Structure formats: structure tokens, C-alpha cells
Amino acid sequence: MQDPTPVEGLKSTILISVRPAYARAILNGTKTCEYRRSVPRRPVSRMLIYETAPAKHIMGEAEVIGLLELPVEELWERTKALGGLTEAAYRQYFHGQEIAHAFLLGRITAYEEPVELKATGVSRAPQSWMYL
């Protein structure tokens, strides 16, 4: 089984769009990995969590402590207790994909007050993620 790619000490930050239920699960610590079909080419050490409609704000941030890139079935077996998804939702999300990715999350910071996108210099939310 592949070990996660270490990302300690790297400076890249991404802004990531997350549906409300999953954003809340990350911020309350019950979801400790974030699945993605595609990931940045540069390693990241931090992600700002943009909660999609209806909130439409940056609600917090997460330290990225690793990244897994594995066949869809293998990633599910390795992360099913961490991802906050049912198996059916996971399979639907990765339908047609051979490889799946998961950011492994460390320290989580939920902001006391939501942050507007424009405070980061971004005019509109990313479809999935973007570098900051």
C-alpha cells in the first residue's frame, strides 16, 4: 500500500470549494480527508475551506499533512473511516475514474466569523480548487 506523499514545510495554499455538510464535517473534525478527482500539481500544506451555497464564505482552514493517490477501490478501503462519505456517495463521485485522491487533514481551524472571497483577492469561487 502506498504511503501518503509528505507535504511538511511546503508553502502552497489552495482555496477549495466544499458542499456545506462536508465543510461542517471537516471543521468539526469528523471528516479528516477530502476526496478529489484531480489535485494540484504543486504540493500544498494548507487549504482554505470555501463552503458553497447557501453560505458562500470561507469558513475555516485545514493543514494538509499528506496526499494519497490510489486506485479508486484501494483508496476507499484505506480511507472509508476518514472521509465522511457513504460508500455509494464515494463510488458516485469517482464513477469512471481509475485513480482517486485524498488530502489527509491535520490541524483544523474553524473561523469565528466567515471570510468573504474578496478578502483573499478572489472574485469568484473555484469549481473545485485554486492556488492562492
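## Around strand β2: questions and answers

Colleague: Which strand is the place of glutamate 34?

Modeller: This is a predicted model, where local features need pLDDT of at least 70, side-chain atom pairs count only at pLDDT 80 or more, and totals for chains, interfaces and linings use all residues. Residues are numbered from 1 along each chain as its sequence is written, and side-chain values use heavy atoms, leaving out hydrogens and water. Strands (E, at least two residues) and helices (H or I, at least four) are DSSP runs, numbered from the N terminus. Glutamate 34 sits in residues 33-36, which form strand β2.

Colleague: Is glutamate 34 buried or exposed?

Modeller: Buried means under 20% relative accessible area, exposed over 50% and partly exposed in between (1.4 Å probe, protein chains only). Glutamate 34 has 5% relative accessibility, so this residue counts as buried.

Colleague: Which side chain does glutamate 34 join in a polar contact of 3.4 Å?

Modeller: A polar contact is a pair of N or O atoms within 3.5 Å; within protein, one must be able to donate a hydrogen and the other to accept it, and residues adjacent in sequence count only if both atoms are side-chain atoms. At 3.4 Å, the partner of the glutamate 34 side chain is that of lysine 31.

Colleague: And which side chain makes a polar contact with the side chain of threonine 79?

Modeller: Threonine 79 belongs to helix α2 (residues 72-79). With a relative accessible area of 1%, threonine 79 is buried. Its side chain makes a polar contact of 2.7 Å with the side chain of tyrosine 35.

Colleague: Which residues point the other way from β2 than Cys33 and Tyr35?

Modeller: Cys33 and Tyr35 point one way, and all the residues in question are buried. Pointing the other way are Glu34 and Arg36.

Colleague: Which residue in β5 is the bridge partner of cysteine 33?

Modeller: Two strands pair if DSSP finds at least two bridges between them. Here 4 bridges join β2 to strand β5 (residues 99-115), and the two run antiparallel. In β5, cysteine 33 is partnered by leucine 104.

Colleague: What is omega for the peptide bond from alanine 53 to proline 54?

Modeller: Proline 54 lies in the loop between β3 (46-51) and β4 (57-71). The bond from alanine 53 to proline 54 is cis, with omega near 10 degrees.
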